[in-house]
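Please read the points below with the model in view.

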Amino acid sequence: MMCGAPSAAQPATAETQNMADQVRSQLEEKENKKFPVFEAVSFRSQVVAGTNYFIKVHVGDEEFVHLRVFQSLPHENKPLTLSNYQTNKAKHDELSYF
């Protein structure tokens with residue numbers, strides 16, 4: 001993968017779910033609601049000065065959210081950050097870069 005070029009969408013892994021779980025509280029605080037389900041479905045990654053992860057998450061019923069999670073470079077020793085998100089997504093919505 002070229003630096004800056006996003007990867008193709010891939011099925012979520014245990015590592016992807018772990019990242020989603022780590023930023024769940026940030027999303028719930030911003031949205032002022034608790035999600036009954038929080039299951040990572042797919043993801044894309046983009047190498048920048050760190051890595052952006054675009055993660056599609058099932059949050060209950062037919063609802064999905066798209067997360068942009070930033071992982072800093074290892075030597076910076078910073079926690080994962082929820083950089084941006086999109087709500088009201090459907091299962092068939094393509095995971096976009098935002």
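1. Basis. The model is predicted, and local features need pLDDT of at least 70, side-chain atom pairs count only at pLDDT 80 or more, and totals for chains, interfaces and linings use all residues. Residues are numbered from 1 along each chain as its sequence is written, and side-chain values use heavy atoms, with hydrogens and water left out.

2. Overall fold. The chain has one helix and five strands, and its elements run β-α-β-β-β-β from the N terminus. Helices (H or I, at least four residues) and strands (E, at least two) are DSSP runs, numbered from the N terminus. The radius of gyration, 13 Å, is close to the 13 Å that the globule rule gives for 98 residues, so the chain is as compact as a globular protein of that length. Here the radius of gyration is taken over C-alpha atoms, and the globule rule is 2.2 Å times the number of residues to the power 0.38. Along the principal axes, the C-alpha atoms fill a box of roughly 35 × 25 × 25 Å.

3. The five strands form an open sheet in the order 1-2-3-4-5, with antiparallel pairing; two strands pair if DSSP finds at least two bridges between them. Strand 1 (10–11) and strand 5 (81–89) stand at the edges with a single partner strand each, so one side of each has no neighbour in the sheet.

4. Pairing of strand 2. Two bridges join strand 1 to strand 2, and Gln10 has Phe43 as its bridge partner in strand 2. Nine bridges connect strand 2 with strand 3 in the antiparallel sense, and these two strands form a hairpin with one residue between them. In strand 3, Ile55 stands opposite Phe43, while His58 stands opposite Glu39.

5. Helix 1 lies across strand 2, strand 3, strand 4 and strand 5, running at about 75° to strand 5; axes are lines fitted to C-alpha atoms, for helices over the stretch in contact (heavy atoms within 4.5 Å), and angles run from 0 to 180 degrees between N-to-C directions. The largest nonpolar core has 17 residues, and Leu27, Phe38, Ile55, Val57, Leu67 and Val69 have the most contacts inside it. Helix 1 (14–31), strand 2, strand 3 (50–60) and strand 4 (63–71) each supply at least two residues of this core. Such a core is a set of buried Ala, Val, Leu, Ile, Met, Phe, Trp, Tyr and Cys residues joined through side-chain atoms within 4.5 Å.

Terms used
Buried < 20%, exposed > 50% of the residue type's maximum accessible area, 1.4 Å probe, protein only.
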